[in-house]
Amino acid sequence: MNAVWLLMGLLVLSYLGSSLVSGRVFRGIGLPSGAEYVVLGFVLGPSALGLLEPSSLAAFEPIAGVALGWLALVVGLDFGFVGNRRVRPSRMALGVLMSIATGCAVAAAVWLAAERAVPSLDRGERALLAAGVGAVSAETTRHAVLWVTQRYGASGKLSDLVADIADCDDLGPLLMMGGAFALAPQATAHWPIPFWGWTIVTALIGVVLGLIAVVLLGSDFRLIQSWGVLLGTSLLTMGTSARVGLSPLLATFAMGVTIAAVSRHREEIVAMVSPTERPVILPALLLAGAHVSPKAAPFLPWIVAIALVARVAGKLATGLVLRVASPDARETSPWLGLGLLSSGAVAMSVGLAFALRFPGPVGHTVLFTAAAAAVFGELVGPQALRATLRKAGELAAPERESLFFGRALARASRDATPIERGATPIEGDSPPSPAAERGEVPP
């Protein structure tokens, strides 16, 4: 497939994403993590059917970089908010710390495994590999949590807590990614700064250009001028950070957070750019899947398996910590951490950025881990979260026993007493029948 056909396919996916957002067609179609587009890209890519040629993918790498930076900007604009509700600082700090803790646990496991099993990697490559795999393993995508709570009419303290945690943990993987990129910046020869200093410089690039954007937006918000300001300053942020080998995603994320914190027009800006998130996510996920290569490194299967096990252990541990730290989760299931396993666009963006910045075994192993975590999380996370919310009495829809997690969760789901919350059903959904509520027919 040449570049023209690939461009047409990406445009079709972008239109499909805009239709999913607006609800014009195919409302409710698609997995919450978008893992199906990653799988589609892999099937069409050079590692499977070969319909997407490596030369065509290489031609779209600059476009992919801009798309990833724009997604990070949108995430930054919404960071710390669930809708128009601001997340409490304590929950924000808890979400960030839990994300970083999970990522560091995975990174430590990968470092130890690579040190013993992969002697061909030097110390710097092992550090990049561990930091990258840890970064793509830290996220709990807010899309999966939102999908569960809205699709099944969940409402209550635990639902709000999980939504807040998932919304605020995006900083963890992006911060770890910024530190990993800072281990090998292209400006090292001219400016001998330690990696933590380069990480701060990355964030400062976004903060400074975010402040410039706020000044240019001015006090009188106008839609056409605002698009020009945001596009121009975001491209400048991406180009400046990429020129010195730093992370454009962390820089644009910091830019978005700065604009949201300082600008008096935050709600108007978010309403303007939020509809662009899904149309950009779908082509980016397809490109990420097309870059996935299972044969990129002989050690790839072992690293991916260790990362997945460490991620499950880390999420279970952070779920237990959440039960202790928050009164709203104290009486819930000890399997709460399994409901936080869903990953999505942020993790895949970090993985693709690693593959583009560090082509070779290290970058492709990080990307493959991100894809494996997204697919595995799609199988486990939403079902586990449904069962947990059902046990807490916050799920309006009837629960079914799942095949993807253990009997303890299924038993907790069966023993829980349904509590009707009077939640408003999503458009297009019909309320469950009395027979379905009694468990006589599937919902």
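1. A word on terms before we start: contact here means heavy atoms within 4.5 Å. Helices (H or I, at least four residues) and strands (E, at least two) are DSSP runs, numbered from the N terminus. You are looking at a predicted model, in which local features need pLDDT of at least 70 and side-chain atom pairs count only at pLDDT 80 or more, while totals for chains, interfaces and linings use all residues. Residues are numbered from 1 along each chain as its sequence is written, and side-chain values use heavy atoms, with hydrogens and water left out.

2. Now the overall picture. The protein chain has 19 helices and two strands. Of its 443 residues, 53% count as buried, that is, under 20% relative accessible area, with exposed meaning over 50% and partly exposed in between (1.4 Å probe, protein chains only). If you take contacts between residues at least 6 apart in sequence, 79% of them join residues at least 24 apart.

3. On to helix pairs. Two packed helices are described by the angle between their axes and the distance between the axes. Axes are lines fitted to C-alpha atoms, for helices over the stretch in contact, and angles run from 0 to 180 degrees between N-to-C directions. Helix H4 (residues 61–77) packs against helix H14 (residues 277–291) at about 135 degrees, the axes being 10 Å apart. That makes H4 oblique to H14; angles under 35 degrees count as roughly parallel, over 145 as roughly antiparallel, 65 to 115 as roughly perpendicular and the rest as oblique. The H4 and H14 crossing is left-handed, meaning that the near helix is turned anticlockwise from the far one by less than a right angle, with clockwise giving right-handed.

4. Who meets whom there? From H4, the residues include Trp 70, Leu 71 and Val 74, and from H14 they include Ile 281, Ala 284 and Leu 287. By class, the contact of H4 with H14 has 10 nonpolar residues, one polar and two charged. Here Ala, Val, Leu, Ile, Met, Phe, Trp, Tyr, Cys and Pro count as nonpolar, Asp, Glu, Lys and Arg as charged, and the others, Gly among them, as polar.

5. A second pair is worth a look. The axes of helix H5 (residues 89–117) and H15 come within 9 Å and cross at roughly 150 degrees. That makes H5 roughly antiparallel to H15. The crossing of H5 and H15 is right-handed. Their contact has 13 nonpolar, three polar and two charged residues.

6. Next, the interior. A nonpolar core is a set of buried Ala, Val, Leu, Ile, Met, Phe, Trp, Tyr and Cys residues joined through side-chain atoms within 4.5 Å. The largest one has 88 residues, and Leu 129 and Met 348 touch the most other members. H4 gives this core its largest share, 10 residues. Beyond neighbours within four places in sequence, Met 348 is in contact with residues including Val 38, Leu 285 and Leu 367. Another core, of 19 residues, lies apart, with Val 148 and Ala 329 among them.

7. Ser 342 sits in the loop between helix H15 (300–325) and helix H16 (345–357), and is buried, at 4% relative accessible area. Outside four places in sequence, the contacts of Ser 342 include Glu 139, Arg 311 and Pro 382. Ala 353 is in helix H16 and is buried at 9% relative accessibility. Leaving aside neighbours within four places in sequence, Ala 353 is in contact with Leu 68, Met 177, Phe 181 and Leu 249.
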